Amino acid sequence: MLRNTCVYPPDHQVGYLNASRADLLRLGALFRVAATSPHSAVYVPVPPDARPMTFGDRDTRPLPVLLARDDTELRPSDWPDLRHGMRRASVPLRVTAPAARPPDRPDDVRRRADRRPARFTEHAATIVITAPAELLFRIGDWLTAVGDRVAQDPRVHRHGEGFLGDMVGFFDPEGTDRPMHAFCVVAVEPIFHRARWRERATHGRDHGEPVGDGRGSSGD
């Protein structure tokens with residue numbers, strides 16, 4: 001399980017992906033695994049302690065994600081039956097993901113996506129992403145590249161999280177009637193959040209201030 005990954009359905013055609021560095025690297029590998037076989041799909045569940053994200057005056061809960069090549073001919077409506085069968089007869093499986101390659105130039109990715117874009121669908125409380133194999137590879141390479149940047153990102157070190165970029169050019173373009181065209185990707189590193197709370201707790205004890213339990217929002 002990716003314990004620090006939350007995928008939120010789109011608001012105004014932009015979805016949100018929050019993940020730690022390790023999970024971004026794993027997620028990139030999972031996209032590449034999904035790209036390798038026309039007979040398989042990859043399921044990414046929601047972590048048990050995942051929190052909703054607030055959009056305006058409403059909370060949006062993260063959803064699990066199903067990844068597959070478009071030539072699997074997997075229809076989103078097939079997923080409930082597949083999920084039920086998986087629960088009854090699941091067998092642990094170890095696979096090796098193809099190595100990441102340097103991400104393509106943005107214009108090259110857009111040319112590929114213009115011909116056959118990735119498709120984003122919500123069905124049965126699950127986000128279903130299907131795409132040509134090469135595009136799934138490219139998304140995986142992109143996620144690996146941004147994951148590699150997390151350790152050097154000063155915003156992550158300072159605040160425990162930081163915006164890494166918008167995953168654009170893979171899905172249907174902005175301005176169409178499709179449900180989504182981009183993912184906003186944010187690195188969220190629990191280790192830095194814990195360090196901030198320890199620092200705050202130590203500071204509060206030294207100054208006689210009340211200290212919380214570290215599970216709320218820092219407010220900054």
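On a 1 Å grid over the protein atoms alone, a cavity is a set of points where a 1.4 Å probe fits but cannot get out, and its lining residues have an atom within 4 Å of a point. Good morning, colleagues. The model I present is predicted: local features need pLDDT of at least 70, side-chain atom pairs count only at pLDDT 80 or more, and totals for chains, interfaces and linings use all residues. Residues are numbered from 1 along each chain as its sequence is written, and side-chain values use heavy atoms, without hydrogens and water.

I begin with the cavities. There are two of 30 Å³ or more, where a volume is the space filled by probe spheres set on the points, joined across faces, edges and corners. Which residues line the largest cavity? They are V7, L17, L27, F31, V65, I129, L143, M167 and F183. The second largest cavity holds about 50 Å³, and its lining includes V7, V44 and V65.

Strands β7 and β8 (residues 126-131) run antiparallel and are joined by five bridges. Within β8, I129 is the bridge partner of F120; I129 also belongs to the lining of the largest cavity. Thank you for your attention.

Definitions and conventions: Pairing = 2+ DSSP bridges. Helix = DSSP H or I, 4+ residues; strand = E, 2+ residues; numbered from the N terminus. 1 Å grid on protein atoms, 1.4 Å probe; cavity = no way out; pocket = protein on both sides within 12 Å on 5 of 7 lines; lining within 4 Å.
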